[in-house]
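Me: I have a model open and want to learn how to read it. Can we start with a side chain and its surroundings?

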Amino acid sequence: MDGVSLNTDPVVDDDADADEFEIEGDCGMAKCISQSGVIQGENPLPPVVGMEFDSYEDVYYFYNCYAKEQGFGVRVSNTWYRKTKERYRGKLSCSSAGFKKKSEANRPRPETRTGCPAMIKFRLMENKRWRIIEVELDHNHLISAVSGKFYKSHKQLGIGTKRALHLDSAEEVQKVRLFRTVVIDVEGNGSVEVSSGEFRSSHNQTSQLRLKDGDAQAIHNYFSHLQLIDPNFFYVVDLNEKGCLRNLFWSNTRSRVAYGYFGDVVAVDTICLTDKYQVPLVSFIGVNHHGQSVLLGCGLLAGDTIEACTWLFRAWLTCMLGRPPQVIITDQCRTLQAAVADVFPRAFHCLCLPRIMQKVPEKLGGLYEYESIRMALNNAVYYSLRPEEFEATWEDMIHHYGLRNHVWLQMLYEDRRQWVPVYLKEIFLAGMLLTRPNEVVESFFDGYLDKHTSLKEFLDKYDQALQANHQLEVLADMESRNSGFMLQSRCYFELQLAKLYTNNILRKFEREVEGMYSCFCTRQITGEGEVITYMVREQIEVDGNRRECRDFEVLYNTTEMEVLCACGLFNFKGYLCRHALSVLHQNGIEEIPPQYIVSRWRKDIKRSYVLNHSNGVIDINNPVHRYDHLYKCIMQVVEEGRKSEVRYKDTVQALDQILRKLNLTDGIDPTIPISATVITASMAAPAGNRTRVCTVAGYYSTTRPL
């Protein structure tokens, strides 16, 4: 044991003037930030497990910035030292943490602390960077951003301003590296300058992105454009020691909000890295209430190293406010597996089954009796109903064909609990892990990106892909709300879900209702206690050209109305299988129990793609707060107003009344056409102080100077 814990109490004198801990001397982070302009006393993102910093003082400064914005003070609760007097661990708490020691004075000062649990813990890692290892954000007392200026820990911080990212010198590049995992949240006038031309390194090809002429400028132009139309557009830049662009991550508002609705299961598409595309794109993909793919963020990586993947995952996690998914799906790759284990230790990591099976011809094609081996492998993977059945079938294949020393098959077997369906039946996958033979994973950017597409071409088509995806969702929403679903049967289950689920999900569920008629034998096996075991026989298709009868065990709890089938379809797809429906029907149940109604498929839930992660406190004296609050409010109006022609007309009329009232208040002639006002405002601004103009139904709002 090379370390001892010191300072179990705050390192301050226990009096009223010492409630807040101050680091003696200049804070390293405060010094470099004030020079480079990366941050000025404000950080809109909460601390997240996995964030890393260059020094102990930098962690303190970051948490203090966050505390100032939220409205609470900070003090050091614990610091651990090694025998060499080197700090290796720390804990920062809310200034209301703990309680003061009892005083024997005649007139003791009143207790001001509440035992608040809010805190962060961090430690020194092997790479000599400080990593946050535990976070508690909740307070047991009221906090207000307006009161932040009264805390002693904040007196070194200036007035908070939205920050830009400037990379003007090698010195500043080193300073920006401090924020590689804390992330720059572009909400205003941030910009990135990168040199044009092709970046190449003869020493390490993975140390920087290999950009062609015009690619760097295309990135800069596109991100600048996104900042104009999307105030909550978010991106992170990772630079190498020479200041060259190495890795990049970005996400728009719609993706960030969609993650709140559909972030339980996320797939990471790295096909562009594995297949050596010109664009080294990594996409984070979810699935919406129609079962359609939805983009949750994108990144460009210089190489498929553990460091690069870890950086990207941390950037994405920070963008999503530190909320990890319950399940994350990737290709089978040791690099990805190591990065996922590091950044998402509590998420269940699945490996993409179709991508694994697509490699079978490449990995096994040269073997004698390949076709027989392929069929045996398919039978073990797709048709095993229990783990022991898979184990026996696999072992029989390995022994019969002499594959004991096959390296790839050995690796597959070691990872079997992450990709073989029989091991995944207790994990909710929302239909994102394809578990049937011959299913193929489609990329979100199919039709817009191939191996020969350049980065500049991809950025030109990027918006088209997003708009096409958005249009599909809008059309599916309209179809589900306005047109009745044509039921193929009069089954009670189908009638029930037709009132709740979107049409796309209903079409998939309809196949299970129809499949009830192929379940020709449902018999009770045991009936002891509350749980009854049924055996449902069905004739299924095997290998695409032959059919065989299979028995599926279904457990039914009569008291809790719970039904569990051995096929595991509910967790795989998000709706009950034909075998479970047959058992419910046999027991006279006319409606699906409420625990099997999945809210993510419902059409009656309003989903507004407006980002709102504020603490609810608005400082009306702060013009930035006023702008942000008004923008979020107007975007909610736009979301509601676009849904129908009647709502659109009502919205335009209401906005017209509001604008005329404001114009009268400011002494502006309300008879001047709005379009003329927009043109005048845009052209009158000096070239160096041009403001952004955002038109909404003929009206405009000017934002902060670019």
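Me: Which residues does Trp419 touch, leaving out those up to four places away in sequence?
Reply: This is a predicted model, so treat each contact as part of a prediction. Trp419 touches Leu351, Leu353, Ile356, Met357, Val381, Leu412 and Leu424.

Me: Which core residues touch the most other members?
Reply: A nonpolar core is a set of buried nonpolar residues joined through side-chain atoms within 4.5 Å. The largest one here has 80 residues. Ile329, Trp419, Tyr501, Leu576 and Ile592 touch the most other members. Helix H11, residues 370–382, gives this core its largest share, seven residues. A second core is separate and has 58 residues, including Leu45, Ala67, Leu124 and Cys319.

Me: How do I read a strand? Are the residues of E9 buried or exposed?
Reply: Check each side of the strand in turn. Buried means under 20% relative accessible area. In E9, residues 265–269, five of five residues are buried. Val265, Ala267 and Asp269 point one way, while Val266 and Val268 point the other way.

Me: Which strands pair with E9, and in what sense?
Reply: Look for the bridges, then the direction. E9 pairs with E12, residues 327–330, in the parallel sense over three bridges. There, Val265 has Val327 as its bridge partner. E9 also pairs with E10, residues 281–287, in the antiparallel sense, again over three bridges.

Me: What does the whole chain look like in numbers?
Reply: Count elements, then cover, then contacts. The protein chain has 21 helices and 19 strands. Of its 706 residues, 50% count as buried. Among contacts with a separation of 6 or more, 63% join residues 24 or more positions apart.

Me: Which residues does the SWIM-type domain annotation cover?
Reply: Read the record first, then the model. The UniProt annotation, from an unreviewed entry, puts a SWIM-type domain at residues 552–588. In the model, that span is 38% helix and 27% strand. Its end C-alpha atoms lie 20 Å apart.

Me: Where is the pLDDT below 50?
Reply: Where pLDDT is low, the predicted coordinates should not be read in detail. The chain has a mean pLDDT of 77, and 75% of its residues reach 70 or more. Residues 158–204 fall below 50, yet this stretch has 142 contacts in the model beyond near neighbours in sequence. Residues 672–706 also stay under 50, with 50 contacts beyond four places in sequence.

Note on methods
Residues are numbered from 1 along each chain as its sequence is written. Side-chain values use heavy atoms; hydrogens and water are left out. Helices (H or I, at least four residues) and strands (E, at least two) are DSSP runs, numbered from the N terminus. Buried means under 20% relative accessible area, exposed over 50%, partly exposed in between (1.4 Å probe, protein chains only). Contact means heavy atoms within 4.5 Å. Two strands pair if DSSP finds at least two bridges between them. UniProt positions are given in the numbering used here, feature names are shortened, and annotations may be inferred rather than shown by experiment. pLDDT is the predictor's confidence in each residue, from 0 to 100.
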